[in-house]
Amino acid sequence: MSKPCIFCQIAANEAPHALVYEDAECSAFMDIHPLGRGHVLVIPKQHAVQITELDGTFQDRLFQVARRVLKAQRQLGWGLQGTHILLNDGKAANQTVPHAHIHVIPRESRDSLKSMGRLLLHVTGLFGPRQKSAVLQQQAKALRHEIDRFQE
Ligand code: AMP
Ligand code: ZN
């Protein structure tokens with residue numbers, strides 16, 4: 001049998017990741033090639049390549065988790081000037097990991113050049129160097145703390 005996709009492995013806790021949030025249906029973790037400080041991915045635990053493979057209630061659930069992540073990032077002062085909530089749904093839309101995911105990417109007013117460079121690497125599939133695991137774990141811990149402080 002072929003190996004499950006990388007995000008299925010993360011959802012099953014069988015691949016390293018910096019966990020931000022999880023419940024029975026969804027998981028959120030730090031992106032290893034962040035396009036902004038504290039970039040998080042929100043995924044369904046069940047495998048689905050595109051968002052349209054999930055029913056409407058489940059899609060809403062994913063966006064609800066993305067909103068909680070966004071709120072936690074803002075509490076930490078990340079993305080106060082803006083945030084991308086991004087879903088690359090399909091190959092032609094630059095989806096590189098074939099398991100549906102929502103990006104929550106905090107931006108800062110003067111980070112355009114840095115972010116554009118990373119975005120270019122992302123679109124070409126090269127990605128560049130990974131963020132240090134210790135940094136991702138520290139950011140995930142701070143986000144978990146904020147998420148625990150409030151109920152939606
Ligand atoms: P997309 O192009 O929308 O499919 O984005 C996929 C994202 O997944 C990219 O931003 C990658 O940096 C990120 N990514 C790939 N593998 C991992 C991983 N093992 N852990 C965390 N993020 C990952
Ligand atoms: Zn999968």
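Student: Which residues coordinate the zinc ion (ligand 2), and at what distances?

Tutor: Donors are N, O and S atoms within 2.8 Å of the metal (3.2 Å for Na, K and Ca), and sites may look incomplete because water is not among the atoms. In this predicted model, the zinc ion (ligand 2) has Cys 5 (SG), Cys 8 (SG), His 47 (ND1) and His 99 (ND1) as donors, at 2.0 to 2.3 Å. Along the sequence these donor residues follow the spacing C-x2-C-x38-H-x51-H. Cys 8 in helix H1 (residues 6–11) and His 47 in the loop between strand E3 (40–44) and helix H2 (56–75) are 39 residues apart, a pair that links distant parts of the chain. Helices (H or I, at least four residues) and strands (E, at least two) are DSSP runs, numbered from the N terminus.

Student: What is the arrangement of the 4 donor atoms around the zinc ion (ligand 2)?

Tutor: Four donors count as tetrahedral if all angles lie between 85 and 135 degrees. Here the angles are 103 to 119°, so the arrangement is tetrahedral.

Student: How many disulfides does the structure hold?

Tutor: A disulfide is a covalent bond between the sulfur atoms of two cysteines. The criterion is a pair of cysteine sulfur atoms within 2.5 Å, and the structure holds 0 disulfides.

Student: Which residues come nearest to ligand 1?

Tutor: A residue is near a molecule if one of its heavy atoms lies within 4 Å of it. Around ligand 1 there are 18 residues, of which Asp 31, Asn 94, Thr 96, His 103 and His 122 come nearest.

Student: Where are polar contacts to oxygen atoms of ligand 1?

Tutor: A polar contact is a pair of N or O atoms within 3.5 Å; within protein, one must be able to donate a hydrogen and the other to accept it, and residues adjacent in sequence count only if both atoms are side-chain atoms. Asn 88 places a polar side-chain atom 2.9 Å from a ligand 1 oxygen. Ligand 1 taken alone exposes 500 Å², and the protein buries 93% of that.

Student: What does the side chain of Gln 95 reach?

Tutor: The side chain of Gln 95 reaches the backbone oxygen of Val 97 at 2.9 Å, and one of its polar atoms lies 2.9 Å from the backbone oxygen of Val 49. Gln 95 is buried at 9% relative accessibility.

Student: How are the numbering and the limits set?

Tutor: Residues are numbered from 1 along each chain as its sequence is written, and chains are lettered from A and ligands numbered from 1 in the order in which they are written. Local features need pLDDT of at least 70, side-chain atom pairs count only at pLDDT 80 or more, totals for chains, interfaces and linings use all residues, and side-chain values use heavy atoms, with hydrogens and water left out.

Conventions: Four donors count as tetrahedral if all angles lie between 85 and 135 degrees; four count as square planar and six as octahedral if opposite donors are over 155 degrees apart and all others between 65 and 115; anything else is irregular. Accessible areas come from the Shrake-Rupley method with a 1.4 Å probe; for residues, only the protein chains shown count as cover. Buried means under 20% relative accessible area, exposed over 50%, partly exposed in between (1.4 Å probe, protein chains only).
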